[in-house]
Structures are given as structure tokens and as C-alpha cells.
Amino acid sequence: MEPEHDAELRDVVDAVRDWSGEPVAAPPTDIEALLFAVENGAGETMPEKRSRWIVAGWVMASAAVFLLALSQVNVRIEWGQARITLGNDVENKNNSNEMVITADLERRFNLERAHNWQSIEALEARTSQLEGSLEQTALELANRQYAESMTRFNDIQTLLAMSQSSK
Amino acid sequence: MADDRTDRELMIAIRDVSECRALEELVRRWDSRLLGYLGKMLGDVFAARDLRQETYLRVWRSASTYNDTFAFSTWVTRIATNLARTQLARSRNDTGAVSAWARSGGEEAASPLAVRKIFANEQELFVRRVLEELSDADKELLLMRFQLELTYAQIGEITGCPDSTVKSRMNVLLRKLRHELEHQGIDSGNVLP
């Protein structure tokens with residue numbers, strides 16, 4: 001049996017019913033305002049609002065990291081005629097690298113060629129110098145031989161003259 | 001045009017399709033009951049109005065968690081009760097708070113003066129004071145049963161006790177009230193309007 005059906009308690013129960021049933025004087029809920037609040041997400045407590053912002057912050061940070069990661073690789077999304085390319089284009093990157101290598105090779109080749117030319121010129125100069133020196137030496141040798149021959153001829157002429165005079 | 005759906009069906013409409021009209025209908029049905037319950041629990045009309053609004057907002061926001069094997073009345077009462085308990089704990093911790101009566105001083109029906117006008121009979125005033133000075137748990141029990149008209153099983157679901165325990169608590173409480181009134185020399189039969 002429910003306690004309130006006890007005859008002994010009937011009067012107390014009636015008093016309690018009267019007390020609990022008394023209307024509280026206040027205007028009814030403004031339904032329009034309530035629906036507006038509901039549709040605009042009101043009613044969230046401050047911690048809930050704060051945590052929503054924190055979550056949004058994390059989502060944005062994650063999206064930024066994701067895009068940054070995508071920019072480091074080559075991603076191409078095609079949807080019909082539309083095409084979105086993210087990150088470095090491999091072909092462009094290869095072409096760019098090739099050009100750098102070619103330019104570097106060319107620079108090295110030019111440097112080498114210039115160096116070689118300098119060596120050749122130096123050798124030519126040295127050869128020319130040696131030729132001049134050889135010619136000079138040969139001329140001096142010829143002059144000495146001529147001088148020596150003349151000395152011998154003169155000595156022989158002297159000897160002949162002395163022998164004829166002694167006869 | 002009146003909506004003939006049950007409270008449970010209206011709540012399911014809110015949960016499943018976020019139907020604003022269903023919320024509107026539930027507010028119409030529960031408005032005065034919830035205000036009465038919260039007003040008596042808190043003893044403060046302004047706080048009761050705020051918590052009534054907060055209760056509806058929570059009903060809407062937590063709709064996805066509504067288990068339709070339970071009655072809407074149980075669910076909404078649990079929400080309102082939790083809000084009221086939090087509010088009561090907060091007001092007790094707030095040492096500098098103005099008393100609830102002072103805060104609701106502008107509300108004629110809630111002010112001591114208005115109470116005196118309505119209940120000229122001193123005995124009625126005494127009965128009222130005894131009821132209002134009950135512990136929160138006792139007041140909660142009386143209001144759930146006699147104001148919100150919940151069954152003992154539903155009260156048990158909300159308070160987490162078997163309904164036999166709830167009945168037993170109610171029995172003890174009513175007898176204690178009767179004894180207190182008799183002790184003050186009041187014939188409880190005379191206090192009724």
C-alpha cells in the first residue's frame with residue numbers, strides 16, 4: 001500500500017498536496033526566446049564553450065599541419081576538368097635540377113677550358129723561349145767554330161810561312 | 001491545434017529529427033509543473049525561472065542521450081533535480097549571498113508578506129514553514145510525488161533506490177511531519193483551506 005493511502009496520514013498528505021500544488025507566480029516560459037536560444041546553441045556552459053573553441057583550435061592546427069605536409073609532397077587532385085595541385089611538381093623540380101646541373105657543368109667546363117688555354121699559352125711561350133735560346137746557342141757555336149777555324153788557318157799559314165823561310 | 005502525441009513521442013521527435021514544435025509542446029505541458037517543483041526546491045522564484053529555462057535547453061541539447069524505454073517525466077525530473085541540487089550547493093557555498101527570500105523580494109507571491117496575505121491563518125503558516133524547512137532530499141521526495149505526480153518506481157529510478165525504499169522513506173517522512181504538527185498542537189485537519 002502506498003503511504004499516502006494510510007488513513008492516519010490523510011490530513012498530512014492533504015496539507016503536503018496543498019503546499020506542493022500552490023502555483024509559483026512567474027510568467028510562463030517565453031517559447032520564442034527559448035527556440036531562438038536553442039537554434040543559436042545557447043545554453044552551453046562556459047567550460048563547454050571553451051572546450052568547443054579548444055577543439056576548433058586543434059582542428060585548425062591539424063588542418064594547417066596536414067596542408068603543410070601535403071605541400072612537401074606532390075599531390076594532384078582531379079575532379080572532372082578541375083585540377084588541384086599541391087606541393088612541389090616533380091617534373092618542374094627535375095627540370096629545375098637539370099638546369100642547375102647543366103649550368104654547373106658549363107661553368108666547370110669553361111673554367112677548365114680557360115685553365116687549359118692558360119697552360120697552352122704558357123707552353124707556347126716556353127717553347128718560343130727555348131727556340132730562341134737554341135738558335136742563339138747554335139749561332140754562338142757556329143761563330144766559335146768559325147773563330148776556331150780561322151785561328152787554325154792562321155796558325156797553319158804561319159807555320160807554312162815559317163817553314164818556307166827556314167828553307 | 002492540440003498535439004495528441006505523448007510526452008515520450010514528443011521527446012523521440014526531438015531526439016530523432018530535432019523537431020522544435022515538439023519542444024514547444026513539451027514546454028507548454030511541463031512549464032507550470034517544473035516551475036512549481038523548482039520554486040519549492042529552491043525557495044527562489046528568479047532562480048527557479050532560470051533553472052526552468054536551463055532544463056529545457058538541456059532537454060534539447062542532451063536529446064541524443066534520451067533512452068525511450070524510460071518516461072519523459074523521469075528524464076526531465078532528473079535533469080531539473082540535478083540542476084536544483086547544484087544550485088542549492090552553490091548557494092550554500094556562497095557565504096556572501098543575499099538570501100533567497102531577499103532576492104525574490106519583488107515577487108509578490110514568493111515574499112513573506114505575500115505569504116502572510118494568502119495564509120492569514122497562523123497554523124497554515126506553521127505547516128508551510130515546517131515543509132519548507134525540510135531537508136533537500138525530503139523536500140525533493142515530497143515534490144516528486146505530490147507535485148510532479150511521479151510513481152514510486154519513477155522516483156526510484158531518479159534517486160537510484162528501489163521503489164520499496166522510496167515508499168518506506170515517504171512513510172517515515174509523512175509520519176514525522178504528522179508527529180511534528182501534533183507536537184505543536186496543530187490539528188492537521190484544520191490547516192486545510
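Tutor: Leaving aside its neighbours within four places in sequence, Leu38(B) touches Ala48(B), Leu51(B), Arg52(B), Ala80(B) and Ala84(B), where contact means that the C-beta atoms of two residues, placed from the backbone, lie within 7 Å. The model is a predicted one, in which local features need pLDDT of at least 70 and side-chain atom pairs count only at pLDDT 80 or more, while totals for chains, interfaces and linings use all residues. Residues are numbered from 1 along each chain as its sequence is written, and chains are lettered from A and ligands numbered from 1 in the order in which they are written.

Leu38(B) belongs to the largest nonpolar core, which has 52 residues; Leu38(B), Ala48(B) and Ala80(B) touch the most other members. Such a core is a set of buried Ala, Val, Leu, Ile, Met, Phe, Trp, Tyr and Cys residues joined through C-beta atoms within 7 Å. A residue is buried if 20 or more other C-beta atoms lie within 10 Å of its own, exposed if 12 or fewer, and partly exposed in between, with C-beta atoms placed from the backbone. In soluble globular proteins, nonpolar side chains tend to be buried together. Among the elements that give two or more residues to this core are helix 1 of chain A and, in chain B, helix 2 (20-42), helix 3 and helix 4 (72-93). Helix 2 of chain B gives the most, with eleven residues. Helices (H or I, at least four residues) and strands (E, at least two) are DSSP runs, numbered from the N terminus.

The contact of helix 2 with helix 3 in chain B includes Leu38(B), Ala48(B), Leu51(B) and Arg52(B). The axes of these two helices come within 9 Å and cross at roughly 140 degrees; axes are lines fitted to C-alpha atoms, for helices over the stretch in contact, and angles run from 0 to 180 degrees between N-to-C directions. Helix 2 and helix 3 of chain B are therefore oblique to each other, since angles under 35 degrees count as roughly parallel, over 145 as roughly antiparallel, 65 to 115 as roughly perpendicular and the rest as oblique.

Helix 3 (residues 45-61) of chain B also packs against helix 2 of chain A, at an angle of about 45 degrees and with the axes 10 Å apart. Helix 2 of chain A and helix 3 of chain B are therefore oblique to each other. Here Leu34(A), Ala37(A) and Val38(A) meet Gln53(B), Tyr56(B), Leu57(B) and Trp60(B).

Across the interface, 27 residues of chain A are in contact with 45 residues of chain B. On the chain A side, the largest share, eleven residues, comes from helix 1. That side divides into 18 nonpolar, four polar and five charged residues.

As for the chains themselves, chain B has ten helices and zero strands, and 34% of its 193 residues count as buried. Chain A has four helices and two strands, following the pattern α-α-α-β-β-α along the sequence, and buried residues make up 7% of its 167 residues.

How values were computed
Ala, Val, Leu, Ile, Met, Phe, Trp, Tyr, Cys and Pro count as nonpolar, Asp, Glu, Lys and Arg as charged, and the others, Gly among them, as polar.
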